Amino acid sequence: EPDGTIPLERYRALGDFLSMARTYGDRMKFLPWIGQLRGKLPLASLAVRRQVVATAEIFIRDFGMDGIHLDIEPIVDGDSDFLYLLEDMKKMLGTRGGLSVALPELIPDHVFRVMRRVMNLKSYLSSDYFLRVAGVADQIAVMTYENSIRSGWLYRFFLKHEVIWLTNLLADSHARVLIGLPTYDEESASFYPEAENIEQGLLGVIDGLNSWRSERAAFEGVALYGEWTTDSGEWAVMERLFSRKK
């Protein structure tokens with residue numbers, strides 16, 4: 001909610017869920033996905049930031065979750081209030097869990113200077129801001145979708161270079177990167193599923209990881225958006241192209 005709280009009914013079943021899920025062992029970590037539109041969450045208010053952190057602590061203290069994932073959109077370059085929130089969240093977590101953050105795609109500064117001449121890039125984040133987030137967060141999930149790309153080969157090409165750019169930028173930081181890929185099918189003005197899909201995305205990720213220019217140690221995996229939109233065919237693509245067994 002805009003005041004930094006989450007209604008109890010939204011997580012009333014969380015204890016039962018975790019009791020069931022943890023029977024599968026400790027190979028999987030569970031983080032609550034906490035999000036809000038940036039325009040509805042007045043992070044300039046110290047009271048609101050403290051309430052967001054206090055709300056997040058419920059999931060750590062009362063449910064024993066493995067960390068916090070923050071998805072506040074959009075974040076604009078130089079948003080110091082968001083950085084203050086991350087620092088307070090990290091202090092709250094201490095050694096009790098990790099801090100994961102969702103961010104838009106990285107466009108290196110030299111590429112941005114060219115692209116801004118022909119495109120209106122509203123959610124651009126500078127490399128410096130990415131590094132400031134990486135100085136606090138343990139994991140950055142990059143939302144590499146909804147780019148108005150209409151060709152599959154172009155999305156694959158974009159993902160290849162996104163992996164190269166991100167892994168190089170974060171190579172010397174503590175944070176590790178997850179590449180977010182879409183599995184939903186609702187076309188919009190900024191999303192064309194025939195181009196931006198899991199197969200082309202995974203092929204691009206693989207191309208990037210196979211490039212000598214990438215820093216693979218900074219790469220942690222891919223993040224599908226979302227489980228509820230991923231069908232059996234898309235899971236089969238995931239298994240065929242990106243299974244750990246391969």
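Mentor: The account below takes the sheet, then the loops, then the helix pairs.

The model is a predicted one, in which local features need pLDDT of at least 70 and side-chain atom pairs count only at pLDDT 80 or more, while totals for chains, interfaces and linings use all residues. Residues are numbered from 1 along each chain as its sequence is written, and side-chain values use heavy atoms, with hydrogens and water left out.

The sheet is open and consists of six strands in the order β1-β2-β3-β4-β5-β6, with parallel pairing. Helices (H or I, at least four residues) and strands (E, at least two) are DSSP runs, numbered from the N terminus; two strands pair if DSSP finds at least two bridges between them. In general, strands of a sheet pair through backbone hydrogen bonds, either parallel or antiparallel. Here β1 and β6 stand at the edges with a single partner strand each, so one side of each has no neighbour in the sheet. From one strand to the next, the twist averages 25 degrees. For such angles, axes are lines fitted to C-alpha atoms, for helices over the stretch in contact, and the values run from 0 to 180 degrees between N-to-C directions.

With strand β1 (residues 33-37), β2 pairs in the parallel sense over five bridges, and L37 stands opposite E73 of β2. With strand β3 (residues 98-104), β2 again pairs in the parallel sense, over four bridges; here H69 stands opposite S100 in β3. Strand β2 is mostly covered, six of its seven residues being buried. Buried means under 20% relative accessible area, exposed over 50%, and partly exposed in between (1.4 Å probe, protein chains only).

P74 and P104 are 30 residues apart in sequence, yet their C-alpha atoms are 8.1 Å apart in space. A cis peptide bond also joins Y225 and G226, with omega about -10 degrees. G226 is placed in the loop between β6 (219-225) and α8.

The loop between β4 (139-143) and α6 (152-169) contains E146, and S148 lies in the loop between β4 and α6 as well. E146 has phi near 60 degrees, a positive value in a residue other than glycine; S148, also not a glycine, has a positive phi of about 60 degrees. E146 is partly exposed at a relative accessible area of 39%, and S148 is partly exposed at 38%.

Now to the helices. Two packed helices are described by the angle between their axes and the distance between the axes. Helix α2 (residues 46-61) and helix α3 (residues 80-93) pack at about 35 degrees, with their axes 10 Å apart. Their crossing is right-handed; a crossing is left-handed if the near helix is turned anticlockwise from the far one by less than a right angle, and right-handed if clockwise. The contact (heavy atoms within 4.5 Å) involves residues including V52, V53 and I60 of α2 and Y84, L85 and M89 of α3. Its residues divide into nine nonpolar, no polar and four charged, where Ala, Val, Leu, Ile, Met, Phe, Trp, Tyr, Cys and Pro count as nonpolar, Asp, Glu, Lys and Arg as charged, and the others, Gly among them, as polar.

The axes of α6 and α7 come within 7 Å and cross at roughly 40 degrees, which makes α6 oblique to α7. Angles under 35 degrees count as roughly parallel, over 145 as roughly antiparallel, 65 to 115 as roughly perpendicular and the rest as oblique. α6 passes α7 in a right-handed crossing. Among the residues that meet are G152, W153 and Y155 in α6 and G201, G204 and G208 in α7. This contact of α6 with α7 divides into eight nonpolar, five polar and three charged residues.

Helix α7 (residues 198-210) also packs with helix α8 (residues 232-242), at about 15 degrees and with the axes 10 Å apart; α7 and α8 are therefore roughly parallel to each other. Their crossing is right-handed. Residues including I198, L202 and I206 in α7 meet residues including V237, M238 and F242 in α8, and the contact comprises 10 nonpolar, no polar and three charged residues.
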